[in-house]
Amino acid sequence: MRYAMTDLIERVIGVSISEARPNASLLCPLHRERNKSFSINLAEGVCICFGCGQRGNYETLCRLLGRPIDDDHRV
C-alpha cells in the first residue's frame, strides 16, 4: 500500500522510506544524528523530530530544508 505523502517526502528528504507502517522513523534531515529520532506520518505528511524538537507538515519540512514546495500539495 502506498501512503499519500510518501513520494513527496522521499523527494524532499532524498531517501527511500519504508511503508511497513503508516509512521516511518528515520534519521532527521535537519541535524546530524546516529539514531533515528525523526518520525513521519506518511498518510498525513506530519512529522516530528524527538531529537531537535522540530515539527510540522510537508510545507514546513520543505521550508526548513530549502526545497521548493509542490504547489499541488501546499497546505
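Okay everyone, here's a quick walk through the helices, strands and core of this structure.

Some ground rules: this is a predicted model, where local features need pLDDT of at least 70 and side-chain atom pairs count only at pLDDT 80 or more, while totals for chains, interfaces and linings use all residues. Residues are numbered from 1 along each chain as its sequence is written, and side-chain values use heavy atoms, with hydrogens and water left out.

Let's start with helix 1, residues 6-13. By the way, helices (H or I, at least four residues) and strands (E, at least two) are DSSP runs, numbered from the N terminus. Six of the eight residues in helix 1 are buried, and buried means under 20% relative accessible area, with a 1.4 Å probe and protein chains only. Among them are Leu 8, Ile 9, Val 12 and Ile 13. So what covers them? The cover includes strand 1 (23-26), strand 2 (38-41) and helix 2 (58-65). Take Ile 13: leaving aside neighbours within four places in sequence, Ile 13 is in contact (heavy atoms within 4.5 Å) with residues including Leu 26, Phe 38, Ile 40 and Leu 61.

On to the strands. Strand 1 and strand 2 run antiparallel, joined by four bridges; for strands to pair, DSSP has to find at least two bridges between them. Strand 1 has Ala 24 and Leu 26 on its covered face, and Asn 23 and Ser 25 on the uncovered one. In a regular strand, side chains alternate between the two faces of the sheet. Is Ser 39 buried or exposed? Buried, at a relative accessible area of 17%.

Now helix 2. Its buried residues are Tyr 58, Glu 59, Leu 61 and Cys 62. They span an arc of only 160° around the axis, so they sit on the same side of helix 2; that arc is taken from the directions from the helix axis to the C-beta atoms. Helix 1 and strand 2 are among what covers them.

Last, the core. A nonpolar core is a set of buried Ala, Val, Leu, Ile, Met, Phe, Trp, Tyr and Cys residues joined through side-chain atoms within 4.5 Å. The largest one here has 19 residues, and Ile 9, Ile 13, Phe 38, Ile 40 and Tyr 58 have the most contacts inside it. Helix 1 gives the most to this core, four residues.

Notes
Buried means under 20% relative accessible area, exposed over 50%, partly exposed in between (1.4 Å probe, protein chains only).
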